[in-house]
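Please walk through this structure with its aromatic side chains in mind. The overall layout follows after that.

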Amino acid sequence: MKKLIFLMWLLLCVTNTTYAEQQGVFMEFHRKSMPEKNTQVNRAPMRIPMEVIYDSESRKIEVVGTESIEVEVFLFRANGMLEGYSLTLNCEFSVSTPDSYILQIQGDGWYAEGEIRVY
């Protein structure tokens, strides 16, 4: 019986430490409004082939895209201070201090924002 309890405890400890450290970041996409071209209503959601991943173990934010889209990527702290900048979609940022960060990706006629909390 003691062996069974010990094996269950060991299994619980091993499964508790095997969770993935990477998590996806939800990005909200918005169209930039152009008053002179505001004659149609477009209710379809935007689909941009990209993914934002935060790795809490290495404290890195990775922006990955499959296509070459002309964008600018900004990383701001919660207080509005610019922490990082990139001219390409496929980029990586390192964050060192615990804070709330805002990732903003700007393209031609659209932008996307997401929040990342670093503990």
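Rings of Phe, Tyr and Trp (its six-membered ring) pair if their centres lie within 6.5 Å; planes under 30 degrees apart are stacked, over 60 edge-to-face, and the rest tilted. This is a predicted model, in which local features need pLDDT of at least 70, side-chain atom pairs count only at pLDDT 80 or more, and totals for chains, interfaces and linings use all residues. Residues are numbered from 1 along each chain as its sequence is written, and side-chain values use heavy atoms, with hydrogens and water left out.

By the ring rule there are two aromatic pairs. Phe 74 and Phe 76 make a stacked pair, because their ring centres are 5.9 Å apart and their planes meet at 15 degrees. Phe 74 also pairs with Tyr 85. That pair is tilted, with 5.0 Å from centre to centre and 45 degrees between the planes. Phe 74 sits in strand β5 and Tyr 85 in strand β6 (residues 82-86), so the pair ties together parts that are eleven residues apart in sequence. Helices (H or I, at least four residues) and strands (E, at least two) are DSSP runs, numbered from the N terminus. Phe 74, Phe 76 and Tyr 85 form one aromatic cluster.

Phe 74 is buried, because its relative accessibility is 15%. Phe 76 is partly exposed at 23%. Tyr 85 is also partly exposed, at 40%.

Stay with Phe 76. It belongs to strand β5 (residues 72-77). Its C-alpha atom is separated by 6.4 Å from that of Leu 103, 27 residues apart along the chain. Contact means heavy atoms within 4.5 Å. Leaving out residues up to four places away in sequence, Phe 76 touches Met 81, Leu 82, Glu 83, Ser 100, Tyr 101, Ile 102 and Gln 104.

Now move to Arg 77, which also lies in strand β5. Arg 77 is buried, with a relative accessible area of 19%. What does its side chain make a polar contact with? The partner is the side chain of Glu 83, at 3.1 Å. A polar contact is a pair of N or O atoms within 3.5 Å; within protein, one must be able to donate a hydrogen and the other to accept it, and residues adjacent in sequence count only if both atoms are side-chain atoms. With residues up to four places away in sequence not counted, Arg 77 touches Glu 83, Thr 97, Asp 99, Ser 100 and Tyr 101.

Arg 59 brings in the backbone. Most residues other than glycine have a negative phi. Arg 59 has a positive phi, near 55 degrees. This residue is found in the loop between β3 (50-55) and β4 (60-65). Arg 59 is partly exposed, at 23% relative accessibility.

Finally, the whole chain. The protein chain has one helix and nine strands. From the N terminus on, its elements run α-β-β-β-β-β-β-β-β-β. Of its 119 residues, 29% count as buried. Among contacts with a separation of 6 or more, residues 24 or more positions apart account for 54%. Met 1 lies in the segment before α1 (2-16). Met 1 is exposed, with a relative accessible area of 75%.

Methods. Buried < 20%, exposed > 50% of the residue type's maximum accessible area, 1.4 Å probe, protein only.
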